[in-house]
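Hi everyone, thanks for coming along. Please have a look at the sequence and the model on the screen, and then I'll walk you through a few places in it.

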Amino acid sequence: TDKSLEERSLDAFAAAIEYFHSQLDRELPETYEGSPDTPREYYEECRGWSTDIIESKQLGYAPADENALLDYLMRQGFTGEEIQGTGLFYEGFSPHFQGRYVLPYFDADGNPVYAISRSLAEDLDGHPGDRYGNQKYTKALKTKDRTFVDEPIFGAETVDHDTDRLLVAGGIADAISLHEAGYSCVSPVTTVRFKGKHEPRIVDMVERYDLDGV
């Protein structure tokens with residue numbers, strides 16, 4: 001291939017998102033009374049999202065298996081350096097997301113370029129194999145020396161010239177529900193305000209698409 005390391009790393013990231021999405025019917029441990037049996041049940045029953053939105057958003061699940069994702073990416077022909085570039089592994093190839101729901105971010109062309117993961121139940125320490133089980137959200141790893149993922153504005157791909165007013169949701173789940181209802185919506189995901197580097201992009205969005213307001 002003539003692709004750069006960055007391009008191949010982002011290809012590997014997209015392949016990882018496909019893998020996580022293929023794990024929706026994997027059996028989950030019972031982390032609390034009445035917890036969902038599978039990730040698909042969590043998205044459909046607990047969140048109330050349709051099959052269409054689950055598919056279009058490529059919602060997924062990262063199994064707790066230490067080697068499953070690495071083996072998958074290696075079988076797809078990606079090198080160790082390209083796999084490290086995904087931001088989904090530590091330097092020793094231990095996976096960053098284990099036993100967690102995975103929600104991707106997309107670029108303007110609809111390609112998955114970043115992801116956040118959610119604990120099965122952070123107040124109960126989540127999955128037994130999840131080292132961050134007591135943390136509600138964890139994001140893909142961003143380092144200067146080996147990863148190529150960078151957090152975009154969640155939901156930016158839903159904003160276009162047909163958008164009248166831009167909605168901002170305080171959380172990723174609310175944003176997805178609004179997308180399903182047919183609204184353009186962005187979200188700072190885990191806080192009530194956008195990062196400094198994202199604020200001018202929001203302003204640019206309003207001006208570029210001549211939005212009525214936010």
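**A valine in a loop**

Let's start with V149, which sits in the loop between β4 (137–139) and β5 (167–168). Before I go on, please keep in mind that this is a predicted model.

Is V149 buried or exposed? Its relative accessibility is 0%, and buried means under 20%, so V149 counts as buried.

Which residues does V149 touch, if we leave aside its neighbours within four places in sequence? The contacts are L10, F13, G85, T86, G87, V113, Y114, A140, L141 and K142. Take T86 from that list: V149 and T86 are 63 residues apart in sequence, yet from C-alpha to C-alpha they are 6.3 Å apart in space.

**The whole protein**

Now let's zoom out. How many helices and strands are there? The protein has 7 helices and 6 strands. Reading from the N terminus, the order is α-α-α-β-α-α-β-β-β-β-α-β-α.

What about the overall dimensions? Along its principal axes, the C-alpha trace spans about 50 × 50 × 30 Å. The radius of gyration is 17 Å, and this agrees with a compact globule, because a globule of 214 residues would have a value near 17 Å.

Of the 214 residues, 50% are buried. The protein exposes about 10,600 Å², and carbon and sulfur atoms supply 44% of that area.

Let's pick out helix α4, residues 68–75. Which of its residues are buried? They are A68, L69, L70, Y72 and L73. A handy rule here: an α-helix has 3.6 residues a turn, so residues three or four places apart point the same way.

Just after α4 comes G77, with a positive phi of about 95°.

Q58 is not a glycine, and still its phi is positive, at about 50°. You'll find Q58 in the loop between α3 (51–56) and β1 (60–62). With a relative accessibility of 19%, Q58 counts as buried, because the cut-off is under 20%.

The other one is D210, again a residue other than glycine, with a positive phi near 50°. D210 lies in the segment after α7 (199–208). Is D210 buried or exposed? Its relative accessible area is 64%, so D210 is exposed.

**Cysteines to finish**

How many disulfides does the structure hold? The count is 0. C46 counts as partly exposed, because its relative accessibility is 44%. C185, on the other hand, is at 0% and so counts as buried.

How values were computed
Residues numbered from 1 in each chain as written. Predicted model: local features only at pLDDT ≥ 70, side-chain atom pairs only at ≥ 80, totals over all residues. Heavy atoms only, no water. Helix = DSSP H or I, 4+ residues; strand = E, 2+ residues; numbered from the N terminus. Rg over C-alpha atoms; globule rule 2.2 N^0.38 Å. Buried < 20%, exposed > 50% of the residue type's maximum accessible area, 1.4 Å probe, protein only. Areas by Shrake-Rupley, 256 points an atom, 1.4 Å probe, with all protein chains shown as cover. Disulfide = S-S within 2.5 Å. Contact = heavy atoms within 4.5 Å.
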